[in-house]
Amino acid sequence: MICHKHPVSARLHFLVPQRGGVVLPQPLPALAVFAEGPERSDLLVHPASALRSLQRELGIEKPLELVADYRVDLEVAGGVLPVFLAALDGHDLCRAAIGTHWIELTQSIGMPWLDRELLRPGL
């Protein structure tokens with residue numbers, strides 16, 4: 001997921017797919033749920049290469065930084081899927097790539113419950 005928090009006004013925006021959902025670049029599997037307990041495997045996942053690939057795919061030239069205290073594990077068919085949050089730095093939003101758009105948190109009303117929960121700051 002990608003967000004932008006304005007450094008002065010603290011307005012929070014999320015870059016989301018126009019087709020629905022909040023996770024990029026592909027939607028969550030249909031039956032994804034929050035993983036219960038510490039289900040993390042012994043293999044550590046660092047999303048840096050996936051983040052750089054997503055930046056290239058979306059044409060984001062501004063730096064993205066991982067939000068250190070945000071990681072959510074979702075149970076999906078076949079295992080646990082980690083979800084990370086990356087923040088766009090600076091005062092201005094970047095242009096949304098084709099197939100995406102920026103929303104404010106209040107615009108998530110009406111989205112499926114899991115999507116809204118993933119957008120909650122400080123989850």
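The following exercises, each with a worked solution, examine a predicted model.

Residues are numbered from 1 along each chain as its sequence is written, and side-chain values use heavy atoms, with hydrogens and water left out. Local features need pLDDT of at least 70 and side-chain atom pairs count only at pLDDT 80 or more, whereas totals for chains, interfaces and linings use all residues.

**Exercise 1. Determine the order of the strands in the open sheet and identify the strands at its edges.**

Step 1. Helices (H or I, at least four residues) and strands (E, at least two) are DSSP runs, numbered from the N terminus. Two strands pair if DSSP finds at least two bridges between them.

Step 2. The open sheet has 6 strands in the order E3-E4-E5-E1-E2-E6, with mixed pairing.

Step 3. Strand E3 (33-34) and strand E6 (100-104) each have a single partner strand, so one side of each is left without a neighbour in the sheet.

Step 4. E4 and E5 run antiparallel and are joined by 9 bridges; Leu-66 stands opposite Ala-86 in E5.

Step 5. Helix H1 (residues 48-58) lies across strand E1 (2-5), E2, E4, E5 and E6, and runs at about 100° to E4. Such angles run from 0 to 180 degrees between N-to-C directions, the axes being lines fitted to C-alpha atoms, for helices over the stretch in contact.

**Exercise 2. Describe the surroundings of strand E2 and its pairing with E1 and E6.**

Step 1. Buried means under 20% relative accessible area, exposed over 50%, and partly exposed in between (1.4 Å probe, protein chains only). Of the 6 residues of E2, 5 are buried, so E2 is largely enclosed by the rest of the structure.

Step 2. With E1, the pairing is antiparallel over 4 bridges, and Ile-2 stands opposite Leu-15 in E2.

Step 3. With E6, E2 also runs antiparallel, joined by 5 bridges; His-13 stands opposite Glu-104 in E6.

Step 4. The hairpin of E1 and E2 has 6 residues between the strands, and there Ala-10 takes a positive phi near 65°. Most residues other than glycine have a negative phi. At 41% relative accessibility, Ala-10 is partly exposed.

**Exercise 3. Identify the residues of the largest nonpolar core that touch the most other members, and the elements that contribute to this core.**

Step 1. A nonpolar core is a set of buried Ala, Val, Leu, Ile, Met, Phe, Trp, Tyr and Cys residues joined through side-chain atoms within 4.5 Å.

Step 2. The largest such core has 19 residues, of which Met-1, Phe-14, Val-22, Leu-28, Leu-74, Leu-118 and Leu-119 touch the most other members. Two or more residues come from each of strand E2 (12-17), strand E4 (64-76), strand E5 (79-88) and helix H2 (113-119). E4 gives the most, with 4 residues.

Step 3. Another core, of 13 residues, lies apart from this one and includes Leu-15, Leu-58, Ile-60 and Cys-94.

**Exercise 4. Characterise the setting of Asp-115 in helix H2.**

Step 1. Asp-115 is buried yet has no salt bridge (a side-chain nitrogen of Lys or Arg within 4 Å of a carboxyl oxygen of Asp or Glu).

Step 2. The nearest side chain of opposite charge, Arg-116, is 8.0 Å away; Lys and Arg count as positive and Asp and Glu as negative, while His and the chain ends are not counted.

Step 3. Not counting residues up to four places away in sequence, Asp-115 touches Gly-21, Val-22 and Leu-28, where contact means heavy atoms within 4.5 Å.
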